[in-house]
Amino acid sequence: MSRQFDLASDLEQLSRDHAIEAARAGAKRETPAPTGTCPWCEEAAPVGATFCTAECAGDWQEHHARVGRAARISGAK
Ligand SMILES: [Zn+2]
């Protein structure tokens, strides 16, 4: 249980860092804002966290990285 809390707060920090980084870089990559619901599995997410677990964040990022690569390969922008 405490392990889950550790993961959640790490994830919260990571997504915050990522959001700041993305904003600074002017990146178009869109990480959903925390809504209380995980955008990947639609389970409840911890307050202030976008995803319910680091695993979901990883899956989501992997999925979007793949979509981004596919778009670049096909020449879409
Ligand atoms: Zn999830």
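Modeller: A residue counts as buried if 20 or more other C-beta atoms lie within 10 Å of its own, as exposed if 12 or fewer do, and as partly exposed in between. The model is a predicted one, and the part to examine is the loop between helix H1 (2-25) and H2, where Thr31 is found. Thr31 has 17 other C-beta atoms within 10 Å, so this residue is partly exposed. Its C-alpha atom is separated by 8.6 Å from that of Gln61, although Thr31 and Gln61 are 30 residues apart along the chain.

Glu42 also lies in the loop between H1 and H2. With 10 other C-beta atoms within 10 Å, Glu42 is exposed. Glu42 is not a glycine, yet it has a positive phi of about 65 degrees.

Turning to the core, the largest nonpolar one comprises nine residues, including Cys38, Trp40, Ala45, Ala49 and Phe51. Leu11 belongs to this core as well; leaving aside residues up to four places away in sequence, Leu11 touches Ala49, Phe51, Ala54 and Ala57. In soluble globular proteins, nonpolar side chains tend to be buried together.

Two of the 21 residues of H2 are buried, so the helix lies largely in the open. Just after H2, Gly75 takes a positive phi of about 90 degrees.

Definitions and conventions: Residues numbered from 1 in each chain as written. Predicted model: local features only at pLDDT ≥ 70, side-chain atom pairs only at ≥ 80, totals over all residues. Core = buried A, V, L, I, M, F, W, Y, C linked by C-beta atoms within 7 Å. Contact = placed C-beta atoms within 7 Å. Helix = DSSP H or I, 4+ residues; strand = E, 2+ residues; numbered from the N terminus.
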